[in-house]
Amino acid sequence: MEAYEIKNAVESIKLSEEAKKRILDASLACAANNEQEENPRRKRINLRRTVAAAIAAVMLLSITAYAANGEMGSWNAKETGGKFRELPTAEYCLSELGYVPLMTESFENGYRFTGGGIDDKSFTDKSGGVIEEYRSLSLDYEKDGDRLSLSADKFHTALDMSGDKSRVIGGVKVMYDSYVNKVVPVGYELTAEDIAARDSGELVFSYGAEYPEIVHVQSVFWEMDGIKYFMTQLDGALTEKELFTMAGELIGQGA
Amino acid sequence: MGVQTERPSSKEIEAAVKDWGDMLFRLSFTMLGNQADAEDAVSETIIKYIEKAPAFADKEHRKAWLIKVASNKCRDMLRADRRRRWVSLEDVTELCRQERDMDVMYELLNLPPKYRLAVYLHYVAGYKTAEMAGMLGISPAAARKRLEYGRKMLKISMGKE
């Protein structure tokens with residue numbers, strides 16, 4: 001498609017005279033009566049943490065996952081009440097999670113910690129039976145409006161972690177993956193179009209959002225000292241190289 | 001720059017609908033995909049213009065303000081009602097005269113709304129990504145990414161921009 005074709009197509013669209021009159025009448029009536037019932041604006045629900053957690057949680061489902069009793073059905077995530085505006089202490093992490101993950105207040109490229117929380121996660125089999133439940137730490141970072149989510153997970157379920165690309169940083173294998181994710185509410189039924197897109201590999205589905213949303217996901221992930229780390233962006237601005245560098249900064253802390 | 005102290009006159013309101021109605025409708029139709037919702041969005045944008053417009057520095061400032069209000073309204077409408085996430089092929093056929101225009105609109109309307117908006121702002125309204133970022137309240141890098149994704153999904157040829 002040529003760029004000029006988009007402009008031509010959109011500019012061929014015009015408001016009909018009847019529609020203009022309807023809009024004008026409504027506007028004049030509003031101005032005359034000074035009455036307007038504004039639709040209450042739906043408060044923008046910041047789903048970024050939940051969405052990021054749900055997306056990161058399903059990332060590795062694109063890789064076959066096996067639990068002790070067979071192939072896994074889904075990896076689920078939801079926020080708990082534990083939220084914080086300052087980086088949690090080691091004592092807090094030990095009491096809430098049972099482990100102390102690597103954390104940082106900021107990265108060298110300027111992404112700074114803005115808040116975080118504890119998420120309840122679980123693996124369920126295809127019948128919905130719970131395989132494992134655990135708690136995970138989720139930290140949000142931001143720079144100039146661009147957001148990054150870091151989660152630290154510790155669980156026993158065996159997963160084969162691999163991504164599109166990998167690098168070894170500080171002796172740790174770090175993977176990179178990117179794909180288009182459709183995040184849908186729990187209980188959402190896939191349409192025929194969804195199924196076709198999923199089966200062709202065009203879309204990956206994950207559950208946990210309030211309404212269906214398509215996002216471009218990129219993530220770096222690694223395992224260190226038994227803890228699995230995921231740094232995830234949704235429609236973010238960081239490059240693959242920058243994500244690997246940021247992973248390296250965290251890994252360097254644990255060295 | 002504060003809220004205007006006097007409401008626009010009837011003539012000014014009429015002029016606003018005449019001057020900006022088509023532009024706002026194109027944007028709203030691109031975001032919402034059907035005529036009825038797009039007309040609602042235009043109507044509410046004009047009403048907000050009547051109620052809350054600031055003093056504008058120039059015509060471009062006014063245009064950018066109207067685009068921002070309309071795109072926010074469309075975004076809110078999409079979020080408030082899942083049923084709005086549908087595209088009326090009948091409306092596309094009715095509104096586009098040429099077959100090629102219909103084909104292009106179908107493809108554009110298949111994009112997620114936020115990428116459609118980025119494509120609209122750049123290729124139709126002529127905004128650079130830094131300007132888009134300011135209007136959308138996102139970083140310039142995030143605006144570039146949305147445009148990039150939109151381009152890739154539409155397979156827009158870069159050679160003849």
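These exercises work through the cores, a strand set and the chain interface of a predicted model.

Local features need pLDDT of at least 70, side-chain atom pairs count only at pLDDT 80 or more, and totals for chains, interfaces and linings use all residues. Residues are numbered from 1 along each chain as its sequence is written, and side-chain values use heavy atoms, with hydrogens and water left out.

**Exercise 1.** Find the residues with the most contacts inside the largest nonpolar core.

Solution. Start with the term: a nonpolar core is a set of buried Ala, Val, Leu, Ile, Met, Phe, Trp, Tyr and Cys residues joined through side-chain atoms within 4.5 Å. Buried means under 20% relative accessible area (1.4 Å probe, protein chains only). The largest core has 66 residues, and A:I6 and B:M105 have the most contacts inside it. Helix α1 (residues 10–32) of chain B gives the most, 11 residues. Helices are DSSP runs (H or I, at least four residues); strands are runs of E, at least two.

**Exercise 2.** Trace the partners of strand β4 (residues 130–143) of chain A.

Solution. Strands pair if DSSP finds at least two bridges between them. β4(A) pairs antiparallel with β3 (residues 112–125) of chain A over 12 bridges. A:R112 has A:E142 as its bridge partner. On to β5 (residues 146–153) of chain A: 7 bridges, also antiparallel. Here A:Y141 stands opposite A:L148.

**Exercise 3.** Count the salt bridges between chain A and chain B, and locate one.

Solution. The criterion is a Lys or Arg side-chain nitrogen within 4 Å of an Asp or Glu carboxyl oxygen. The count is 4. One of them joins B:D22 and A:K20 (3.8 Å, N to O).

Conventions
Chains lettered and ligands numbered in written order. Buried < 20%, exposed > 50% of the residue type's maximum accessible area, 1.4 Å probe, protein only.
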